[in-house]
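Please read this briefing with the sequence and the model side by side.

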Amino acid sequence: MAVKGIKSKDRHILNLANIVGDARSIIYHKEDLIAYDCDGFTLHKHLPKAVVFPNNTDDVAALVKYCSDNQLPFLARGAGTGLSGGAIPLNGEVIISMVRMKKLLSVDFENRRAVVQPGFVNLKLTNSIADKGYYYAPDPSSQYCCTIGGNVAENAGGAHCLKYGVTTNHILGLEVVLPNGEIVEIGANGIPDAPGYDLLGLLTGSEGTLGIVTKITVRILKNPEAKKTVLAYFDKVEDGSQAVSDIISAGIVPAALEMMDKIAIEGVEAAAFPVGHPKDIEAFLLIEVDGIEAGLDEQINNIMEVCKKRNVREVRAAETEEERARWWANRKTGFGAMGAISPDYLVQDGVIPRSRLPEVLNNINNISQEYGLRIANIFHAGDGNLHPLVLFDARIPGQREAALEAGSACLQACADVGGTITGEHGVGVEKREEMRFVFTDEEIIAQTDIREVFNPFNLLNAGKLFPTPGRCVEIKRELKEKETAIS
Amino acid sequence: MITAELLSEVKALIQEDRIVEGENDHLLGNNGLVKVYPQTEEEISAILKYANENGKKVFVEGNGTKRGFGGLSESADILLSLADYKGIVEHVVGDMTLTVKAGTNFKKLQDYLAEHKQKISLDPFHPEAATIGGIVSSNDSGPKRLGYGSSRDVVIGLRIVYPDGKVIRSGGRVVKNVAGYDMNKLFIGSMGTLGVFSEVTVKLRPLPKYESLILLFFPQGNMEEIKAFAQKLLDSTMEPVTLELLSPALSEGLTGQSCYTLAIGLEDVETSVQYQENFIKSIQPENTNMKILTLTDAQAFWNQFYSLHSLESESLITSASLKIGVVNMDVTQVMKESQLLGDSHHLEVQAHGGLGHGLCQVNLKGSKEDVVSAIQQMRETVAGLGGYVVIKHLPFALRQEVDTWGPKPAHFFLLEGIKSKVDPNKVLNPKRFVGGI
C-alpha cells in the first residue's frame with residue numbers, strides 16, 4: 001500500500017515510507033537532504049539516500065531489517081552535534097533519525113536509575129529530575145541539544161567527568177537493534193555485572209557501528225550538597241599547567257578542572273558570554289570542587305595555595321551562583337566563540353598524561369608557528385584532554401588543508417607522549433587515519449573482528465572509526481589468502 | 001597424550017624450573033597436566049602459540065583464589081600461572097596512573113601505593129592472595145564499589161596475549177580515551193576466555209585523608225525499617241562509600257553482635273566525615289545501636305571482612321559463594337531469602353549486599369545436597385526479582401550439577417561470536433564462562 005503524499009519512483013523510498021507510515025516521517029528530496037549531509041564535523045559532506053523518522057523500537061527494527069535485506073547502507077543519527085563526523089552518510093546511507101523517540105520513559109529515584117529513549121536530550125534529563133535533587137552526570141558542552149543516544153554512541157564526556165566519569169560509567173542497560181534487525185536487551189533492569197562479556201561497555205562508544213540503541217537505562221545521581229568554583233589567572237601558560245599537575249598530585253579530586261589559553265580567552269571574550277577576563281593573561285584555570293560542604297573549604301584552600309606557589313596573578317572563588325553560571329557559560333560556549341575571532345576553526349581532541357601538559361602545549365605552539373595558523377587551547381586539563389582549536393579561513397586557498405594537517409600534527413604530539421587521539425569526540429571520519437598513531441594494524445584488526453560479529457556486512461555506518469581505505473583490511477585479506485593457500 | 005611428552009614439548013618453551021607436573025585431584029578442579037610459571041610476556045606468548053597450534057587447552061590462573069569460580073573440565077593440558085609474572089612496569093605518581101604485570105599481588109600493590117598516598121580504588125575479596133589480573137579478569141568487587149566503582153571504572157589499559165600468541169593493547173595510559181572500541185570492557189570479567197592479561201593499567205585515587213565506619217545495628221531485624229533508613233540516607237546529599245547490609249551471622253563474626261547491621265563507610269577530609277557522621281546520628285532510627293570505628297579500626301574491620309570467606313576446601317562440608325545482582329533495594333529480599341534458606345537447609349549462611357549498588361554475596365556451608373538445593377531455590381527467587389545468581393565458588397564435582405552462570409542470556413549468540421573470533425580453537429579456559437564458552 002502506498003503512503004499518501006510520496007512522490008518518488010524509487011521503490012526503496014516507497015517501501016521505507018511504508019514502514020514509517022506517513023509522508024511526514026521521511027525526507028527524500030535532494031534539497032531537503034542537504035541538511036543531513038554532515039554533522040558537527042563539516043569538512044566532509046555527502047548526501048544521504050533518505051532520512052526516516054521512526055516512532056518506536058519496532059519501527060527501527062523494521063527499517064533496519066529492510067535496509068539489511070536490501071543491502072542498503074544505513075546509520076543512526078541523534079541531534080547531529082558529533083564533532084568527528086560519525087553521522088555523515090559517506091556511502092549515501094539511509095539515515096535513521098532518532099529525534100522522535102524522545103521520551104523519558106521512567107524514573108526510579110529509589111534505585112537511582114532512569115530509562116530514556118535515545119532521542120531524549122541530555123540536559124532535559126537533569127532538568128526533569130532536578131526538583132527532587134537529582135541529576136545525570138555526563139555533561140558534554142552541547143548538552144542543551146545533544147541526545148543521550150548520541151552520547152552513548154560516542155561515549156560522550158564533559159567538563160565534570162574528571163570526578164564522575166564519562167557516559168560509559170553511567171549506562172546500566174541498553175535495548176539495541178542489531179544490524180540484522182534483531183532486538184536485544186543488554187543489562188536487563190539496569191543491574192550491574194550481568195553474566196557474559198560486558199557488551200554495555202563495548203557498545204558505548206562504538207560510534208554507531210555495532211547497533212542502534214533504542215532504549216537506555218542510565219544511573220542518576222544525587223546533587224552534591226555544595227559546589228565551589230575558583231578562577232585562577234596566570235601570566236605564564238607553564239605556571240597554569242604546572243598548577244594542574246600539582247592539584248592532582250595533592251590528592252584533590254576536583255569535579256572539573258578546565259583551562260583556556262590566551263587566544264581562547266580572546267575568543268570567549270569577543271563572543272556572547274564574556275566574563276571580563278583580563279586581556280593580558282596567558283591562561284586561566286576554572287576549577288570546581290563539590291561534595292559535602294563542610295569539607296570544601298579545605299580543598300579550596302589547598303587549591304589556592306597550589307596556585308600561589310605557581311605564581312598565580314589572581315585567584316578567586318565565585319561569590320554567587322550567578323557568577324559561577326556565568327563562568328561556566330563562558331567556558332561551555334568556548335568552541336563556538338572562536339567564530340567571533342576567526343571565519344573557520346577546527347576542533348581537535350587529544351589526550352595526554354597530565355604531567356606532560358607544559359611540554360605538549362609547547363609543541364602545539366610550535367605546530368602553530370610551523371603552519372602559520374593560530375591555535376587556541378580550551379581543555380579539560382584535569383583529564384589531560386586537550387582541545388586545540390585551529391583557526392583558519394577556508395576562503396584562502398590551502399588554509400583548510402593546512403588546518404587539517406596542523407590538527408593531525410597536534411594529535412601526533414599527543415600520541416608521542418603516550419597519549420591518545422580522542423578523549424570524547426570520537427574517531428568518526430575525522431581521525432580514521434590517526435588511529436594508526438596509537439594502534440598497530442593487528443590491534444585495529446582485533447577491533448574490526450569484533451565489528452564483524454555484530455555488523456558482518458558492514459552496512460551500518462561503514463567507513464567510520466577505522467583507517468580506510470584499509471591498509472589493515474588489505475593486510476587481513478592477504479593473511480587470509482595466505483592461510484587458505486597453506487591449508 | 002601422556003604427560004611426559006607434553007612436558008618435554010613445554011620445556012622447549014620455558015625454562016625447566018618454571019614447569020611442574022600438575023596436581024590432578026584438586027577439589028576445585030581447573031587443573032593442568034603441567035603447570036607453568038612464565039616470567040616474561042614472550043614466554044606467555046610462546047605457550048599460547050604452542051597450544052593454539054597443537055590443539056592443547058590452557059587454563060589460566062593468578063594465585064588460584066578463584067579456582068572454584070566456573071569451569072566444567074577438570075583439567076586442561078597446561079595450567080598457566082601468572083603468580084611469578086609480577087612487578088610494577090610504570091607508576092607515574094603525578095599522573096596517578098599505574099601499569100603492572102598481571103600476576104602482581106593486590107595487597108602488596110596497595111601497600112606500595114599507600115607510601116605515595118594513593119590507591120587502586122577497588123576492594124576485592126582476599127586481597128592478600130589475589131592478583132590484579134585475577135581481580136580484573138573475574139571482575140571482583142566489594143562494598144566500596146558504591147563509592148568508587150568497579151574494574152570497568154578503574155582499568156584504563158590492558159596488554160593482552162591473544163590465544164594465537166600475538167600481543168594486543170587496548171585502551172592506553174591516559175584517563176580518558178575513546179579511540180576505537182572500548183576493548184578493555186570486553187576483557188574485564190571475561191574469565192580469561194579471550195586472552196591472557198600481560199599488563200594492566202589503572203587510574204589511581206588519592207588515599208582518603210580520613211575515614212570512618214558507622215555500624216548501625218538493627219536488633220529487631222525489621223527489613224522495612226532498614227530499607228526506610230537506607231532510602232533516607234541515599235536520598236540525602238551524604239556520600240557514603242559503602243552502604244552494606246550484613247546478615248546476623250556475618251555481623252556476629254565481625255562485630256560480635258548477631259543482628260542485621262548496616263556498614264556505612266565514610267571517606268573524605270575529616271570535617272566532612274564528621275559532618276556526615278552527625279547527619280547519620282540525626283536520622284538514626286529508634287531501636288538501633290550505633291558504633292563508629294575510625295581510621296585504623298575501620299581499616300581493620302574491612303581487612304577482616306574481605307578475608308572472612310574461607311577458600312579452604314574440605315571434603316565433608318561443602319562451601320559455596322554466590323554473587324547475586326538485583327535492583328538496589330531488592331538486596332533486602334535476597335538477605336531475607338538467604339536467612340530462610342539457612343534455616344530450611346541447615347546451612348551456615350553469611351550474607352551481605354550493597355543497598356546502593358544491588359550486588360550481594362552469599363556464602364553457604366553445609367551438606368552437598370543442601371547447598372545445591374539452596375542455590376537452586378535462590379536462583380528461582382532472584383529470577384523473580386529480575387536479577388541473576390553467579391556461583392563464585394563451588395567444588396568441581398558440584399559445578400556439573402548447578403550451572404555457575406545460570407541460564408544463557410538471549411543475546412548469547414553475540415558472546416559466542418566474540419569468543420569464536422578471538423579464540424576460534426577454544427584454547428583458553430574452555431567451558432569456564434557463560435553457556436559453556
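In chain A, five strands form an open antiparallel sheet in the order 5-6-10-8-9, where strands are DSSP runs of E with at least two residues, helices are DSSP runs of H or I with at least four, and both are numbered from the N terminus. This is a predicted model, in which local features need pLDDT of at least 70 and side-chain atom pairs count only at pLDDT 80 or more, while totals for chains, interfaces and linings use all residues. Residues are numbered from 1 along each chain as its sequence is written, and chains are lettered from A and ligands numbered from 1 in the order in which they are written.

**The sheet in chain A**
- Strand 5 (104–108) and strand 9 (183–186) of chain A are at the edges with a single partner strand each, so one side of each has no neighbour in the sheet; two strands pair if DSSP finds at least two bridges between them.
- Strand 6 (residues 113–116) and strand 10 (residues 212–219) of chain A pair in the antiparallel sense over four bridges, and Ala114(A) has Val218(A) of strand 10 as its bridge partner.

**Two crossing helices in chain A**
- The axes of helix 8 (residues 237–249) and helix 10 (residues 293–309) of chain A come within 9 Å and cross at roughly 145°, with axes fitted to C-alpha atoms over the stretch in contact and angles running from 0 to 180 degrees between N-to-C directions.
- Helix 8 of chain A contributes Ala243(A), Asp246(A) and Ile247(A) to this contact, and helix 10 of chain A contributes Ile303(A), Val306(A) and Cys307(A); residues are in contact if their C-beta atoms, placed from the backbone, lie within 7 Å.

**Where chain B touches chain A**
- The contact takes 72 residues from chain A and 65 residues from chain B.
- On the side of chain B that touches chain A, helix 15 of chain B gives the most, with five residues.

**Positive phi angles in chain B**
- Most residues other than glycine have a negative phi.
- Met96(B), although not a glycine, has a positive phi of about 55°, and it lies in the loop between strand 5 (88–92) and strand 6 (97–101) of chain B.
- Met96(B) counts as buried because it has 23 C-beta neighbours inside 10 Å, the cut-off being 20 or more other C-beta atoms within 10 Å of its own, with C-beta atoms placed from the backbone.
- Met191(B) also has a positive phi of about 55°, and Met191(B) is buried, with 24 other C-beta atoms within 10 Å.

Terms used:
Contact = placed C-beta atoms within 7 Å. Buried ≥ 20, exposed ≤ 12 C-beta atoms within 10 Å, placed from the backbone.
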